[in-house]
Amino acid sequence: MSNAKALPLVEFTGSSVAPCCPPLTERPFTADEAETAARMFKALGDPVRLRLFSLVASHEGGEACVCDISDVGVSQPTVSHHLKKLREAGLLTSERRGTWVYYRVEPSVLAAMGQLLRHPAA
């Protein structure tokens with residue numbers, strides 16, 4: 001049993017999506033905001049996980065079968081471990097269809113990540 005805490009990168013407020021944290025340039029993070037953002041960056045800080053995240057995010061149709069993204073230079077159990085870490089961080093969602101698992105990055109997650117890293121207009 002994992003004691004990992006899912007990353008609340010976005011919060012659903014009615015029909016809109018609010019990012020977990022303000023843009024880095026807006027104001028200093030609170031301790032909770034910094035912890036939340038650090039979990040996301042930690043999950044993406046591994047090259048294999050970043051590559052898997054990119055493969056899923058850029059896959060046609062916005063989702064990818066594990067069978068289509070498992071060739072990243074590590075064993076299948078290691079791919080599964082990294083995908084689990086990305087799910088636990090709230091960066092990927094998954095759905096089992098028969099014997100295969102399909103992964104997707106929710107558009108709201110990408111929007112929240114972009115908002116966090118947004119640079120103010122000069």
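Mentor: The model is predicted, and the description below should be read as one of computed coordinates.

The overall layout comes first. The protein chain holds 5 helices and 5 strands. Read from the N terminus, the order of elements is β-β-α-α-β-α-α-β-β-α. Of the 122 residues in the protein chain, 34% are buried. The accessible surface is about 7400 Å², and carbon and sulfur atoms contribute 56% of that area. Among contacts in the protein chain with a separation of 6 or more, 59% are between residues 24 or more positions apart.

Now the helix pair. Helix α2 covers residues 47-58 and helix α4 covers residues 76-88; their axes come within 10 Å and cross at roughly 75 degrees. An angle from 65 to 115 degrees counts as roughly perpendicular, so α2 is roughly perpendicular to α4. On the α2 side, the residues that meet the partner helix are Val 48, Arg 49, Leu 52 and Phe 53. On the α4 side they are Val 79, His 81, His 82, Leu 83, Lys 85 and Leu 86. Sorted by class, this contact has 6 nonpolar, 2 polar and 2 charged residues.

Two further leucines of α2 deserve a separate word. Leu 50 lies in helix α2 and is partly exposed, with a relative accessible area of 42%. Buried would require under 20% and exposed over 50%, which is why the value for Leu 50 falls in between.

Apart from neighbours within four places in sequence, Leu 55 is in contact with Ile 69 and Val 72. Leu 55 and Val 72 are 17 residues apart in sequence, and the distance between them is 9.6 Å from C-alpha to C-alpha.

The sheet supplies the next part of the surroundings. An open sheet is formed by 3 strands in the order β3-β5-β4, with antiparallel pairing. The edge strands are β3 (63-65) and β4 (93-97), each of which pairs on one side only. From one strand to the next the twist averages 25 degrees. In a regular strand, side chains alternate between the two faces of the sheet.

The two pairings can be taken in turn. Strand β3 is joined by 3 bridges to β5 (residues 100-104), and the two run antiparallel. In this pairing Cys 65 stands opposite Tyr 102 in β5. Strand β4 is joined to β5 by 5 bridges, again in an antiparallel arrangement. Thr 93 stands opposite Arg 104 in β5, and the bridge partner of Arg 97 in β5 is Trp 100. The hairpin of β4 and β5 has 2 residues between the strands, and in this hairpin Gly 98 takes a positive phi near 65 degrees.

Arg 27 is found in the loop between β2 (16-19) and α1 (31-44). Arg 27 is partly exposed, with a relative accessible area of 34%. Not counting residues up to four places away in sequence, Arg 27 touches Pro 22 and Glu 33.

To return to the part you asked about: α2 and α4 cross at roughly 75 degrees, and their contact includes nonpolar, polar and charged residues.

Methods
Residues are numbered from 1 along each chain as its sequence is written. This is a predicted model: local features need pLDDT of at least 70, side-chain atom pairs count only at pLDDT 80 or more; totals for chains, interfaces and linings use all residues. Side-chain values use heavy atoms; hydrogens and water are left out. Two strands pair if DSSP finds at least two bridges between them. Helices (H or I, at least four residues) and strands (E, at least two) are DSSP runs, numbered from the N terminus. Axes are lines fitted to C-alpha atoms, for helices over the stretch in contact, and angles run from 0 to 180 degrees between N-to-C directions. Buried means under 20% relative accessible area, exposed over 50%, partly exposed in between (1.4 Å probe, protein chains only). Contact means heavy atoms within 4.5 Å. Accessible areas come from the Shrake-Rupley method with a 1.4 Å probe; for residues, only the protein chains shown count as cover. Angles under 35 degrees count as roughly parallel, over 145 as roughly antiparallel, 65 to 115 as roughly perpendicular and the rest as oblique. Ala, Val, Leu, Ile, Met, Phe, Trp, Tyr, Cys and Pro count as nonpolar, Asp, Glu, Lys and Arg as charged, and the others, Gly among them, as polar.
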